[in-house]
Amino acid sequence: MAIKKGKFVIEGLENVQINIGKVIEEGAERLIEGPTPKPGITSLRSWDYRIIDRYHPVYTPTSDMCDYCTYGKCDLTGNKEGACGIDLEGQSARQALMTSIMGAACHSAHGRHLLHYLIKRYGEDHPIDVGPSNLKAPLTETIMGIQPETIGDFLPVLAYVEEQLTQLTASANTGQEGSARDFESKALHAGMLDLLGMEVADIIQISCMGLPKAEENTAMAEIGMGILDQGKPVVVCVGHNIAAPAYILDYMDENALFDRIEIAGLCCTAHDMTRYNKTARIIGSMSKELKYIRSGIPDVLVTDEQCVRADILKEASELHIPVIATNEKITYGLPDRSGDSVDDIIDDLASGKEKGALILDLEKVGELVPRLAMKVSPIRKEKGITALPDDEEFGKLVAKCTKCQQCTLDCPQNLPIADAMVAAVSGDISQFEVLHDKCVGCGRCDYSCPVKIPVLNVIEKGAQRVIREEKGKVRIGRGQIGDPEIREEGRNLVLGTTPGVIAIVGCGNYPDGTKDVHDVVEEMLKRSYIIISSGCAAMDIGMYKDDEGKTLYEKYPGRFIKGNLLNTGSCVSNAHIAATTIKVASIFAGRKTKGNWEEIADYVMNRIGAVGLAWGAYSQKAFAIATGCNRLGIPVVAGPHGTKYRRAFIGKPYKKDDWNVFDARDGSTVNVEPAPEHLMITAETFDEMMPLLAKMCIRPSDNSLGRAIKLTHYLELSEKYMNKMPDDWHVYVRSEADLPVAKREQLLKTLETEHGWKIDWDRKKITEGPMRKVDVSFQPTNVPRLCKEVSK
Amino acid sequence: MTRDAAVKTVDTTRRAVPFDTANIPGPKMAKPMMPQVAGRMIARARRPLLIVGSEVHDGDVLEKVITIGKTGIQIAAVGNAYKSLGDKGLDVHYMNMHALSYYLCDPKWQGLDGKGGYDLVTFLGITYYYASQAISALKNFSKTKVLSIDKYYHPNADMSFGNLKNDIFIAALDEIIAELQKE
Ligand code: SF4
Ligand code: SF4
């Protein structure tokens with residue numbers, strides 16, 4: 001008899017009622033292949049300890065104090081204990097946990113909002129369709145041990161994430177966890193949950209909303225602050241959640257409004273708008289938010305969730321731009337007009353009676369926003385409303401600068417603003433054009449200027465020429481990497497003949513402008529790395545053109561093979577980048593995935609040369625993603641601002657025992673080269689980051705051809721950007737076959753003279769020196785139970 | 001600048017407030033320091049290390065760092081500093097600043113050349129916020145003494161210059177050089 005959902009009473013036990021809410025299909029339990037389906041907060045602790053024992057948590061506190069509870073403030077300087085007994089190390093680790101939890105909660109709550117909405121619209125039984133894949137939800141399968149088939153199957157997944165996040169949050173209360181090591185294990189757990197929440201969010205929107213399904217050649221979307229026709233009404237959607245913008249796009253489609261209204265997005269909502277409807281466009285990352293509002297171009301701002309400036313209502317209302325808030329997480333004290341008629345709301349907003357409205361009825365948002373834009377736009381355009389000064393005012397403002405440097409002290413980038421002001425007084429505004437790219441658009445300088453110069457507005461006015469030219473192209477987010485692509489490329493990755501996968505991810509808090517992201521991608525594409533991007537970084541890659549007017553997306557195709565440039569999509573599409581490594585482990589190496597996190601992560605760490613670059617990461621979400629990737633064995637490099645996350649995972653190559661692994665064939669211990677050397681680290685500059693990326697793609701499993709290719713890039717990038725051979729290149733040489741062919745003889749000489757290695761010059765062979773030999777069948781693992789002898 | 005002018009004392013203890021306004025770490029902040037004090041401390045250290053970062057490339061600063069390096073102090077070139085320092089005949093080694101700040105907390109680390117740890121760490125020419133974060137690790141998790149001889153006040157160091165105008169900064173480096181050359 002098949003069991004159905006419902007209530008049952010057992011005969012003879014009339015007082016006992018059994019409720020069946022969800023029926024697990026026959027065989028579903030049998031899918032579990034590993035020891036940790038639905039891991040609790042300590043289930044993967046031993047794996048976390050393995051990570052932490054090699055990649056030591058490094059704390060760089062921004063504050064030496066703790067003010068979490070009313071015992072405090074406590075001074076923890078010098079790792080002293082506070083009143084509750086926590087020391088600075090523990091407190092720093094607790095902050096790492098809280099940061100990861102916040103990020104994970106953000107993505108998962110985004111997924112929860114979408115799941116409610118999509119189930120209501122399409123039903124629980126709507127099938128998952130992500131493109132040509134059997135492994136449809138790699139993170140879900142690896143973490144939960146289930147294979148979801150419908151969007152309703154994600155209900156227990158999100159319930160699990162939410163329950164775990166509550167448990168983790170509880171452990172951060174004063175008087176709970178006190179060990180830094182266990183805080184870190186919990187932070188890694190939160191990071192993993194973050195990956196899971198993101199996967200749910202993106203898979204359900206791909207499945208239900210017609211977003212591209214692992215398509216390699218999606219259309220190009222326009223990007224930049226200069227793309228919109230300012231003569232038309234302009235709608236700008238800000239945030240990350242496609243639900244509300246989708247209704248607006250549908251309404252515009254149904255009413256043929258695309259020729260009459262300009263619609264674009266800021267931050268990840270923009271990616272998902274273009275994935276939903278190719279007509280939509282992208283203004284840029286969060287660092288463009290304040291700049292674009294101040295330009296006065298938007299006639300209506302629509303907010304959903306994440307990466308929305310806390311002062312957006314204040315800024316918008318000063319320029320008579322109505323704000324429509326569409327998500328319960330960001331409501332700005334606005335009146336809830338969800339139940340009111342569209343006409344009434346439009347009247348109140350167009351007349352300026354209200355600054356904005358909270359509207360949670362998304363269908364209403366769809367109709368209201370385009371109509372409101374058409375009504376408000378002529379009024380705003382006639383008045384020519386903008387925060388930017390006109391030419392005359394600009395001249396007066398720059399002349400007012402006293403060169404006190406207060407703005408530079410307050411600027412997170414410490415930009416030389418006064419120099420630009422001085423140059424502008426003598427008619428040279430070019431320095432403002434440089435500042436515009438380096439400025440992250442935070443507005444702190446406005447508050448700091450003692451003579452009340454609106455500094456950001458002055459910079460933006462001075463940079464109008466480059467802003468007008470800011471027009472690029474981004475290949476629309478493709479979603480996952482399909483199984484066939486993995487089948488084709490998996491071998492190259494594991495053997496190292498494709499030098500690595502570099503995931504260019506994160507936000508726009510770059511240390512030296514957006515151009516760096518373009519430049520790293522271009523260099524690495526020329527070197528045949530696979531570049532996968534997502535989020536704001538994916539946007540910035542498309543902002544620059546070559547001499548023929550082409551962006552990198554137009555020059556390089558989007559397949560998952562060497563030398564290609566892929567955009568997976570928005571912030572939640574980051575999940576697919578991490579999941580790609582699971583797919584390689586499963587499809588190429590036949591590893592079991594379901595409920596088998598540790599084995600998969602161990603495989604990824606030892607064999608897949610993938611590294612994340614979060615050059616401009618600013619948010620808690622970015623930290624959670626990085627921490628989740630770390631638990632999956634993927635190292636991450638961040639820009640210098642990343643030190644303000646306060647925790648990194650840094651390896652000690654000089655501590656030889658840290659680099660012992662087992663050979664899974666017999667359980668023997670092998671001392672290997674430090675690869676990957678770190679799990680999370682920062683670089684100060686672009687030059688330093690380039691060879692570091694190449695080094696972080698080296699893995700113990702590389703075959704000789706692969707190692708030679710990886711070393712070639714490591715050496716060349718170090719020589720090109722740092723004017724030197726790396727100090728540690730020889731550590732990665734196991735035999736002469738590992739040496740780059742073009743330089744083999746010269747490198748053998750260096751090994752002999754500088755490192756004392758013995759070379760048989762007749763045979764051109766290394767006879768003594770390397771820490772280990774190449775062994776093509778070597779099966780490196782950090783997990784003893786995965787060794788044959790031990791498991792017997 | 002003439003040698004006489006170079007050794008003229010400049011006051012580097014003024015404007016000893018964090019260069020990033022909000023960078024106030026806690027009750028313990030660096031003591032403002034005069035250049036002669038820095039020079040003497042470096043000169044007397046058993047095994048000092050000078051850390052130099054990506055702001056070293058400008059002519060005057062570079063010249064001073066090279067002169068300091070020529071007095072024999074070992075240099076950790078962090079960021080991309082090696083590009084300007086590598087070919088100057090100095091005892092200079094590339095190192096990642098984030099990793100270095102951690103290795104310096106490890107009593108078992110044998111230094112950049114494998115010859116042992118350092119008893120005094122001095123730095124300059126590093127992106128302000130980056131240096132500040134990195135040395136917060138040293139401040140809280142090591143016993144190493146840290147001096148900032150950069151043109152910014154660094155609260156996380158044990159002793160630091162205040163926020164300096166460029167000419168004062170260069171003059172202060174000259175004073176340090178004079179002290180080192182005395183020894
Ligand atoms: S808005 Fe730009 S210039 Fe102003 S403080 Fe922020 S980053 Fe610096
Ligand atoms: S704070 Fe104002 S007056 Fe001072 S340097 Fe900056 S722009 Fe000029």
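Predicted model: local features only at pLDDT ≥ 70, side-chain atom pairs only at ≥ 80, totals over all residues.
Reader: What makes the radius of gyration of chain A agree with that of a compact globule?

Author: A compact globule with 792 residues would have a radius of gyration near 28 Å, and chain A has 27 Å, so the value agrees with the rule. The C-alpha atoms of chain A fill a box of roughly 90 × 80 × 60 Å along the principal axes, and 63% of the 792 residues count as buried.

Reader: How do you know whether chain B agrees with the globule rule?

Author: The rule puts a compact globule with 183 residues near 16 Å, and chain B has a radius of gyration of 15 Å, which agrees. For chain B, the box filled by the C-alpha atoms is roughly 45 × 40 × 30 Å, again taken along the principal axes, while buried residues make up 63% of the 183 residues.

Reader: What elements make up the two chains, and in which order do those of chain B run?

Author: Chain A holds 29 helices and 25 strands, whereas chain B has seven helices and seven strands. Read from the N terminus on, the elements of chain B follow the order α-β-α-β-α-β-α-β-α-β-α-β-β-α.

Reader: Why is helix H26 of chain A called largely enclosed?

Author: A residue counts as buried when its relative accessible area is under 20%, and ten of the ten residues of helix H26 (residues 686–695) of chain A are buried, so the helix is largely enclosed by the rest of the structure. The buried residues of H26(A) include Phe686(A), Met689(A), Met690(A), Leu692(A) and Leu693(A), and also Asp687(A), Glu688(A) and Lys695(A).

Reader: Which peptide bonds of chain A are described as cis, and what are their omega values?

Author: The peptide bond from Gly72(A) to Lys73(A) is cis, with omega near 5 degrees, and Lys73(A) is found in the loop between strand S4 (65–66) and strand S5 (74–75) of chain A. A cis peptide bond also joins Ala675(A) and Pro676(A), where omega is about -10 degrees; Pro676(A) has its place in the loop between strand S21 (668–671) and strand S22 (680–682) of chain A.

Reader: Why is Glu55(B) called partly exposed, and with which residues is Glu55(B) in contact?

Author: Glu55(B) has a relative accessible area of 30%, which falls between the limits of 20% and 50%, so Glu55(B) is partly exposed. Glu55(B) is found in the loop between strand S2 (48–52) and helix H3 (59–70) of chain B, and, leaving aside neighbours within four places in sequence, Glu55(B) is in contact with Val61(B), Gly125(B), Ile126(B), Thr127(B), Tyr128(B) and Tyr152(B). Glu55(B) and Tyr128(B) are 73 residues apart in sequence, with a C-alpha to C-alpha distance of 9.4 Å.

Reader: How far apart are the centres of the two domains of chain A, and how many residues of each take part in their contact?

Author: Chain A is divided into domain 1 (220–383) and domain 2 (396–468), and the C-alpha centres of these domains lie 28 Å apart. The contact takes eight residues from domain 1 of chain A and 13 residues from domain 2 of chain A.

Definitions and conventions:
Residues numbered from 1 in each chain as written. Chains lettered and ligands numbered in written order. Heavy atoms only, no water. Helix = DSSP H or I, 4+ residues; strand = E, 2+ residues; numbered from the N terminus. Rg over C-alpha atoms; globule rule 2.2 N^0.38 Å. Buried < 20%, exposed > 50% of the residue type's maximum accessible area, 1.4 Å probe, protein only. Domains from an automatic or database assignment. Contact = heavy atoms within 4.5 Å.
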